[in-house]
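Trainee: I have a new structure open and would like to learn how to read it. Could you walk me through the features one at a time?

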Amino acid sequence: MPAEDQQRRRPTLERASIPLAVIGGGLVGSAARTAAGALAATPAGAFPTTTLAVNLAGSLLLGWYLARRERAAGSRWGLRFWAIGGLGSFTTFSAFGVEVVQLVEAGRSAVGIGYVLASTAGGLIMAAAGEQIGRTTR
Amino acid sequence: MNTVLAVVAGSVGALSRYVLTGAVQRRSQSALPLGTAAVNVLGALGIGLATGGLHSGSLPLVVVAGFLGGFTTFSTWMVETVRLGALPVWRPAALANLLVPLVSGVGAAAFGYYLTR
């Protein structure tokens with residue numbers, strides 16, 4: 001996804017604004033993820049509903065945003081702010097990984113496998129659905 | 001206060017992810033998006049180490065988790081896998097991009113967790 005964003009030879013001013021867009025989007029995405037965690041905290045060893053919901057919603061939104069952006073030729077700034085900074089930070093792989101370990105640690109391996117399946121199958125379906133919506137609707 | 005620090009740390013994590021993903025991607029000859037895989041596996045190792053008990057009292061776990069939450073990304077991994085050809089018919093590259101980060105990421109979290117506990 002960031003391949004488009006990794007081109008060399010950019011104007012100096014644009015180069016300087018890159019970290020600001022990623023940091024700004026990162027603030028928004030991290031704040032939303034932190035708020036979700038505070039509103040619906042799940043204890044270690046319980047089914048991680050909040051992380052699952054965040055990751056599925058983020059996958060849908062990112063698929064939608066990128067597909068829509070390709071049609072409408074959106075700005076690079078928007079890509080960095082919303083896609084890379086915002087939705088990249090909103091969703092999390094690290095929490096997903098450690099939650100699987102904690103479920104196994106709590107003796108709930110079957111639930112852990114269910115969590116992996118729900119996250120990956122669900123995430124792929126949401127990303128694909130988002131792309132479809134972004135391609136076909138205004 | 002820790003909540004604010006966790007959010008700020010998450011945005012620093014996002015910038016770190018952008019830089020590291022780009023650095024890996026520029027050097028990579030692979031058809032797979034190894035930059036995303038690299039940040040995710042590295043971040044999973046980090047959260048495993050921190051949760052297992054490596055984190056010191058000076059840096060609360062929520063701040064470390066905030067940084068790593070911004071550093072790693074689930075949505076990019078999913079969209080990139082779909083774009084490699086995951087649904088409805090699976091191409092080998094998409095399957096590899098799903099399974100390699102999944103197994104090595106959960107493995108890295110487990111490794112870090114049990115190493116420091």
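**Reading the two chains**

Mentor: In chain A, residues 24 or more positions apart account for 80% of the contacts with a separation of 6 or more. Two residues are in contact if their C-beta atoms, placed from the backbone, lie within 7 Å. This is a predicted model, in which local features need pLDDT of at least 70 and side-chain atom pairs count only at pLDDT 80 or more, while totals for chains, interfaces and linings use all residues. Residues are numbered from 1 along each chain as its sequence is written, and chains are lettered from A and ligands numbered from 1 in the order in which they are written.

Trainee: What does chain A average in pLDDT?

Mentor: First the term: pLDDT is the predictor's confidence in each residue, from 0 to 100. Chain A averages 91, and 92% of its residues score at least 70. Within chain A, confidence is lowest in α1(A), with a mean of 91, and highest in α5(A), at 97.

Trainee: How many helices and strands are there in chain A?

Mentor: Helices (H or I, at least four residues) and strands (E, at least two) are DSSP runs, numbered from the N terminus. Chain A has five helices and zero strands, so to read it from the N terminus on you go α-α-α-α-α. Its C-alpha atoms fill a box of roughly 55 × 30 × 25 Å along the principal axes.

Trainee: And what is the secondary structure of chain B?

Mentor: Chain B also comes to five helices and zero strands, with the pattern α-α-α-α-α along the sequence. The C-alpha trace of chain B spans about 50 × 30 × 25 Å along its principal axes. Among its contacts between residues at least 6 apart in sequence, 71% join residues at least 24 apart.

Trainee: How many of the residues count as buried in chain A?

Mentor: A residue is buried if 20 or more other C-beta atoms lie within 10 Å of its own, exposed if 12 or fewer, and partly exposed in between, with C-beta atoms placed from the backbone. By that count, 48% of the 138 residues of chain A are buried, and 51% of the 117 residues of chain B.

Trainee: Which residues are buried in α3(B)?

Mentor: They are B:V63, B:V64, B:A65, B:G66, B:F67, B:L68, B:G69, B:G70 and B:F71. Nine of the 11 residues of this helix (residues 61–71) are buried, so α3(B) is largely enclosed by the rest of the structure.

Trainee: Is B:V7 buried or exposed?

Mentor: B:V7 counts as buried because it has 24 C-beta neighbours inside 10 Å. This residue lies in helix α1 (residues 2–27) of chain B. Leaving out residues up to four places away in sequence, B:V7 touches A:L27, A:S30, A:A31, A:T34 and B:G66. B:V7 and B:F71 are 64 residues apart in sequence and 12 Å apart in space, C-alpha to C-alpha.

Trainee: How many residues of chain A are in contact with chain B?

Mentor: 42 residues of chain A are in contact with 47 residues of chain B. On the chain A side, α1 (12–39), α2 (49–72), α3 (76–90), α4 and α5 each give two or more residues. The largest share, 11 residues, comes from α1(A). For classes, Ala, Val, Leu, Ile, Met, Phe, Trp, Tyr, Cys and Pro count as nonpolar, Asp, Glu, Lys and Arg as charged, and the others, Gly among them, as polar. That side of chain A divides into 21 nonpolar, 19 polar and two charged residues.

Trainee: How are two packed helices described?

Mentor: Two packed helices are described by the angle between their axes and the distance between the axes. Axes are lines fitted to C-alpha atoms, for helices over the stretch in contact, and angles run from 0 to 180 degrees between N-to-C directions. Take α4 (residues 94–105) and α5 (residues 109–136) of chain A: their axes come within 7 Å and cross at roughly 155°. That makes α4(A) roughly antiparallel to α5(A); angles under 35 degrees count as roughly parallel, over 145 as roughly antiparallel, 65 to 115 as roughly perpendicular and the rest as oblique.

Trainee: At what angle do α5(A) and α4(B) cross?

Mentor: The axes of α5(A) and helix α4 (residues 75–83) of chain B cross at roughly 70° and come within 9 Å. The two helices α5(A) and α4(B) are therefore roughly perpendicular to each other.
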